[in-house]
Amino acid sequence: MDVSEIIIPGDTPGTAWRLPVLCFAGRDPAPKVYIQAALHAGELPGTVALHFLCERLRQAESEGRVAGDITIVPQANPIGAAQSHFGELQGRFDLGSRTNFNRDFPLISVADRATLLDDLDDYPATDRLKRQLLHMALGADLVLDLHCDDESLQYAYIDETFWPEAADLATALAMEAVLLSDGESSAFEEAVGFAWKYAVPGERRSRLPGKLSATVELRGKRDVDPLLAKKDADGLWRFLAARGIVGEEKVPPAAFSGPAVPLDNIEIVRAPEGGAVLFHRNIGERIAEGDLLATIVTRPGQPGGGIDLRAPQDGLILTRTSDRLVRRRGDLMKIACDNPSKASRKAGTLEN
């Protein structure tokens, strides 16, 4: 394993950020892999999973069983990891620009990959970081961006371009759902897919065999423990083995049994008013239209001081907020459904 660091100068005198990059050299012609975690700096299930995956990769490398080059960035956002406000980590939005660290990645053709590193001194630190990450990813064939949700099942965002070939990833990681995205945002994994789809500028490819760029949601923020981390590392290993990246006998994965639905089929339940939320249903439960999901206590102790929220249609509860004091229009739940939501949705990701 080769360990290097990318130095990202800070925007004020005397500051700089170090981005560790772990590389395993392949010995055979095989797909190249790039995996990163904690782009949202407080989302750590992926970081600890990669810690255990690298143990297995070091052993495999010493035995000559790494076929394709593998690049691992276990803590992809040192800038966000250092941003706290009154003792609370602010790793999702940059405090300086107020921009989501997983948005505003350059949308370029892969043919222009080298230009990402041109004139880096002209960019603030967050943009330098994003350009460095995207440059590394575009040198690979298989790209995984490991995240987590709040309280959540294991699921993934996968561009329709890569489905159903990417079902092996969903099976290897025992995902409970796949959300088929339209690739219409500037999030990291969609910027990678954009670069591949527009390898010839102006010409969009609808299928990309042998390629994959996906966001993997490894349950919730508090699901950071050794057993889950090792389980996720085993799942990543199975995926790499199935794709011929690591030298183990290929075992054809079982068919993916969970729902795979377009983003239009995701119901996002939001709070109509602020207050204390009482959940009546949990993640992983299948619910029917009209089921009571939550009560918002808006005026405690007063007649009519609570608002009941019911399921808009049948579905599987994917996520739930861990907050119990919620704001007006705050997201409470995501529900994966068989039919499109009646709520309008802009193209791209579900939330900022």
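Author: Start with aspartate 119. This residue is exposed, at 56% relative accessibility. The model is a predicted one. Aspartate 119 sits in the loop between S6 and H3. Its phi is positive, about 55 degrees, although the residue is not a glycine. Most residues other than glycine have a negative phi.

Arginine 98 lies in the loop between strand S6 (88–89) and helix H3 (125–137). It counts as exposed because its relative accessibility is 72%, and the cut-off for exposed is over 50%.

The next backbone feature is a peptide bond. Most peptide bonds are trans. The bond from tryptophan 163 to proline 164 is cis, with omega near 10 degrees. Proline 164 is placed in the loop between S9 and H4.

H4 leads on to another helix. Helix H4 (167–172) is among the elements that cover the buried residues of H6. Others in that cover include helix H1 (45–62), strand S3 (33–37) and strand S4 (70–73). Strand S7 (142–149) and strand S11 (212–220) are also included.

H6 itself runs over residues 226–242, which makes 17 residues. From first C-alpha to last it reaches 24 Å, close to the 24 Å expected at 1.5 Å a residue. Its buried residues include Trp237, Phe239, Leu236 and Leu240. Asp232 is buried as well.

Aspartate 225 caps the N-terminal end. One of its side-chain oxygens lies 3.0 Å from the backbone nitrogen of leucine 227. Glycine 244 follows H6, and its phi is positive, near 80 degrees.

Now step back to the domains. The assignment for the protein chain gives domain 1 as 2–258 and domain 2 as 264–337. Their C-alpha centres are 31 Å apart. In contact are 10 residues of domain 1 and 12 residues of domain 2. The two domains bury about 900 Å² between them, with 58% of it on carbon and sulfur atoms. On the domain 1 side, Asp150, Glu151 and Leu153 lose the most area to domain 2. Together they account for 59% of what that side buries.

Polar pairing also links the domains. Five residue pairs are in polar contact between domain 1 and domain 2, with both residues at pLDDT 80 or more. The side of domain 1 that touches domain 2 draws on three strands: S8 (151–152), S9 (155–159) and S10 (177–181). Each supplies at least two residues.

Side chains of opposite charge can pair when their charged atoms come close. Three salt bridges are counted between domain 1 and domain 2. Glutamate 151 forms a salt bridge with arginine 324, the closest N and O atoms being 3.5 Å apart.

The structure holds 17 salt bridges. Glutamate 273 and arginine 299 form one of them, with the closest N and O atoms 3.5 Å apart. Glutamate 273 lies in the loop between strand S13 (266–270) and strand S14 (275–279), and arginine 299 in the loop between strand S16 (292–297) and strand S17 (306–310), so the pair ties together parts 26 residues apart in sequence. How accessible are the two partners? Glutamate 273 is partly exposed, with a relative accessible area of 26%. Arginine 299 is partly exposed too, at 33% relative accessibility.

Glutamate 285 counts as partly exposed, at 27% relative accessibility. Arginine 281 also meets aspartate 291 in a salt bridge, at 3.2 Å from N to O. That pair links distant parts of the chain, 10 residues apart. Arginine 281 is in the loop between S14 and S15, and aspartate 291 is in the loop between strand S15 (286–287) and S16. Aspartate 291 is partly exposed, with a relative accessible area of 23%. Elsewhere, salt bridges that share partners join Glu151, Arg320 and Arg324 into one network.

Definitions and conventions: Residues numbered from 1 in each chain as written. Predicted model: local features only at pLDDT ≥ 70, side-chain atom pairs only at ≥ 80, totals over all residues. Heavy atoms only, no water. Helix = DSSP H or I, 4+ residues; strand = E, 2+ residues; numbered from the N terminus. Expected span 1.5 Å × (residues − 1). Buried < 20%, exposed > 50% of the residue type's maximum accessible area, 1.4 Å probe, protein only. Contact = heavy atoms within 4.5 Å. Polar contact = N/O pair within 3.5 Å; in protein donor to acceptor, adjacent residues only side chain to side chain. Domains from an automatic or database assignment. Buried area = accessible area lost by both parts, 1.4 Å probe. Salt bridge = Lys/Arg side-chain N within 4 Å of Asp/Glu carboxyl O.
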